[in-house]
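Here is a short report on the packing in one protein model. The sequence and structure come first, then the details.

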Amino acid sequence: MKTVVNSWNEWDPLRHVIVGRADGCCIPPPEPASDPKIPLDSDMRGVHGPRSQETVDRANEQLDAFAAMLEKRGIRVDRPDPIDFNRAIATPDWSHGSMFGCQPPRDVLLTVGSEMLEATMSYRSRWFEYLCYRPLLKRFWDEDPNMRHEAAPKPRLTDASYKPDYLSDDITVEERLEMVAAKDFVTTEAEPLFDAADVLRFGRDLFVQHGFTTNLTGIEWLRRHFPDHRVHALNFPGDPYPIHIDASFTPLRPGLVLNNPERRLPDEQREVFNRNGWEIVDAARPAHNSPPPLCYSSVWLSMNVLVLDPKTVCVEASEVHQMDQIDRLGLEVVPVPFRDAYAFGGGLHCATADVRREGDCEDYFPAG
């Protein structure tokens with residue numbers, strides 16, 4: 001299949017995608033960016049080092065099966081090249097004990113039209129993660145004369161980029177939620193910071209979560225970088241760990257979005273959707289009461305789905321409530337076993353990065 005880089009939204013028919021790998025994934029040592037994102041009662045507290053080969057093999061089995069299913073549906077699948085994540089890394093400003101992995105391509109790569117943009121990232125442990133995707137991006141660039149490979153300015157990630165002593169161990173969830181509601185996050189505005197997984201594409205409009213992994217300076221950088229787009233900052237006050245948007249806000253097709261009922265979009269930010277006839281519905285409750293062992297993410301990976309086209313949605317196979325809701329909304333559900341891969345970087349949306357979807361750049365918000 002000829003390489004054509006082109007993707008403007010989260011729902012047009014998917015034709016080419018990158019699916020991550022679990023090989024060599026590590027739990028990195030603590031760092032300023034990650035400490036506030038790990039709940040106090042998490043089994044990840046104080047744990048770092050390579051993930052066990054048994055868990056890597058189980059995750060890869062599900063990732064490989066997911067990739068094979070997409071290929072059977074006529075979707076081209078490419079995979080990143082893992083590097084040695086279990087090694088110390090350094091820049092002139094800092095050093096760190098290990099890297100992370102390359103299961104979640106969505107965190108690193110943002111495709112807007114014919115451009116594939118490498119995000120800044122906000123974790124030191126993930127500073128070099130873009131290297132896993134460079135061979136693919138070079139091949140796409142060679143094969144598609146219209147493809148643009150861009151990289152946002154690499155941040156220095158010095159201590160100036162993080163608030164010192166942001167959270168104490170005795171802070172309550174209520175206090176944490178008050179801080180999030182006040183938009184008091186661990187990152188400062190010292191330099192542009194954003195993860196690609198904080199961005200949702202709605203044609204001419206980009207909706208970007210302001211939280212722990214994306215700051216306002218990063219959102220302003222995106223606004224200047226995509227001058228033909230309208231860039232909107234969103235917040236989800238009910239999320240005590242606001243790290244990526246795709247377990248809080250999930251578009252399924254034009255005019256329909258799932259919203260995490262514990263992290264409802266504020267009324268003033270809903271207005272642009274209301275004015276343009278979009279329906280925002282509460283997502284179904286997760287089927288599980290807790291995440292898998294050693295998992296960064298919450299139980300709300302239940303709504304971290306991959307839309308194959310406006311009528312077809314991949315949902316994790318054990319998330320029976322989410323599958324039932326999407327079925328009742330009139331879409332075909334494709335169950336995908338994926339819970340063993342959750343701990344390596346998230347759900348089905350996280351584990352993929354679009355290369356090509358059919359369709360052009362549409363204006364879904366003409367009323368502004």
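## A buried glycine

G113 counts as buried, with a relative accessibility of 0%; buried means under 20% relative accessible area, exposed over 50% and partly exposed in between, with a 1.4 Å probe and protein chains only. G113 sits in the loop between strand 7 and strand 8. Helices (H or I, at least four residues) and strands (E, at least two) are DSSP runs, numbered from the N terminus.

Leaving aside residues up to four places away in sequence, G113 touches V5, N6, S7 and W8. Contact means heavy atoms within 4.5 Å.

## Basis of the model

This is a predicted model: local features need pLDDT of at least 70, side-chain atom pairs count only at pLDDT 80 or more, and totals for chains, interfaces and linings use all residues. Residues are numbered from 1 along each chain as its sequence is written, and side-chain values use heavy atoms, leaving out hydrogens and water.

## Nonpolar cores

The largest nonpolar core has 43 residues. Such a core is a set of buried Ala, Val, Leu, Ile, Met, Phe, Trp, Tyr and Cys residues joined through side-chain atoms within 4.5 Å. I18, M116, F140 and L222 touch the most other members. Elements that each supply at least two residues include strand 7 (109-112), strand 8 (115-118) and helix 3 (134-143). Another core, of 33 residues, lies apart from it and includes F273, I280, V315 and M323.

## Helix 7

Helix 7 (residues 320-328) buries Q322, M323, Q325 and I326. They lie on the same side of helix 7 because they cover an arc of only 165 degrees around the axis, taken from the directions from the helix axis to the C-beta atoms. Strand 13 (249-253) and strand 14 (256-259) are among the elements they pack against. Just after helix 7, G330 has a positive phi of about 95 degrees.
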